[in-house]
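Reader: Please take me through this one slowly, as I am new to reading structures.

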Amino acid sequence: MQDDGEAAASDVDPRYIVPGLSRGLALLQLFRRERPAQTLQELASGLGVTRSAAYRLVYTLENDGFILRDPVTRRYRLTARVLTLGFDYLNSQAVAEVAAPSLQRLSSLTSAAAHLVVLDGWHVVYLARVAPAVALVSNLQVGTRLPCHITASGRALLACEDEPKLREIYRLLCRESREVPPPSSFEALRAQAEEDAARGYVYRGSVLDPGLMTFACVVRNGAGDAVAAINVIGPDALMARFGGETALRTVMLETAATISRQIGFSGS
């Protein structure tokens, strides 16, 4: 009888494994507290590959900013970029946990679906969702990825990015967004972001679900960075009964401020 580990291993289809990626990740894991800096030969030995194979891996990782070579000692070490991978994940998880009660209150108060959303490249990703037990108000599920420029949450997050990051996102949208057209120009994207930043939130009709309205604003961490957005989505009539933009602005901004304080933000 197979144990769980054997069963999981037997499910792996080698056709879909990328050996180079696996070796690159294995190389990063060779850097430990007791061995923070290593030579090319030490890395090659640790991986069980030739120096030339190890060199191609470290060359790629150095080019991508994950490792750095000391020109004096000729040893490689990790850069802070590796840490951001873990911190971004941990921060996202922490925000989702902290935000859960607030999302529940928002959904109960507005009778709409409430979400926590983060920016990931040219997408937004829905990390958490609370929806009332009534007729469908939104079909957005946890894990949904959408082009950032077509969602209220995405626009709220884009409004907090600097121009170089906006340019990079626009470049990715033009290159990668197939089903949804990118903004007509970078200038158009920047102008929209500036308008949204001045307002401090986004309230608009849903592009994907006509008849639904959505309100979104950002959540900030202790450094003041916009790490996520919260939104509520519901039918136009439902939002109007609640009080429309004016009532939603009060509730949403107060909720975002509460979550932000809980994760260390001390600004106004």
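Reader: In which sense do β5 and strand β6 (residues 145-147) pair, and over how many bridges?

Author: β5 and β6 pair in the antiparallel sense, over 3 bridges. Two strands count as paired if DSSP finds at least two bridges between them, and helices (H or I, at least four residues) and strands (E, at least two) are DSSP runs numbered from the N terminus. Before we go on, please note that this is a predicted model, in which local features need pLDDT of at least 70 and side-chain atom pairs count only at pLDDT 80 or more, while totals for chains, interfaces and linings use all residues. Residues are numbered from 1 along each chain as its sequence is written, and side-chain values use heavy atoms, with hydrogens and water left out.

Reader: OK, and which residue is the bridge partner of H123 in β6?

Author: The partner of H123 there is P147.

Reader: What about β4, how many bridges join it to β5?

Author: Strand β4 (residues 113-120) is joined to β5 by 7 bridges, and these two strands run antiparallel. L119 stands opposite V124 of β5. The two strands form a hairpin with 2 residues between them, and in the turn G121 has a positive phi of about 65°.

Reader: Why is β5 described as largely enclosed?

Author: Of the 8 residues in β5 (residues 123-130), 6 are buried, so the strand is largely enclosed by the rest of the structure. Here buried means under 20% relative accessible area, exposed means over 50%, and partly exposed lies in between, using a 1.4 Å probe and protein chains only.

Reader: Switching to helices: which residues of α2 are buried?

Author: In α2 these are G24, L27 and L28. Looking down the axis of α2, its buried residues fall within an arc of 100°, so they line one face of the helix; the arc is that of the directions from the helix axis to the C-beta atoms.

Reader: And L25, how accessible is that one?

Author: L25, which is also found in α2 (residues 19-28), is partly exposed, with a relative accessible area of 45%. Together with V18 and L21, L25 forms a nonpolar surface patch with about 280 Å² of accessible area. Patches are made of residues with over 30% relative accessible area and no salt bridge, with like charges joined within 9 Å and nonpolar side chains (Val, Leu, Ile, Met, Phe, Trp, Tyr) within 5 Å, and the areas come from the Shrake-Rupley method with a 1.4 Å probe, where for residues only the protein chains shown count as cover.

Reader: You mentioned salt bridges, so how many does the count come to?

Author: A salt bridge is a side-chain nitrogen of Lys or Arg within 4 Å of a carboxyl oxygen of Asp or Glu, and by this rule the count comes to 11. One of them links D13 and R15, whose closest N and O atoms are 2.6 Å apart; D13 is partly exposed at 25% relative accessible area, whereas R15 is exposed at 65%.

Reader: Where do D196 and R199 lie?

Author: Both lie in helix α8 (residues 186-199), 3 residues apart, which is about one turn of the helix. Elsewhere, salt bridges that share partners join R35, E42 and R75 into one network.

Reader: Last one, what does the secondary structure of the whole chain come to?

Author: The chain has 10 helices and 9 strands, and buried residues make up 37% of its 268 residues.
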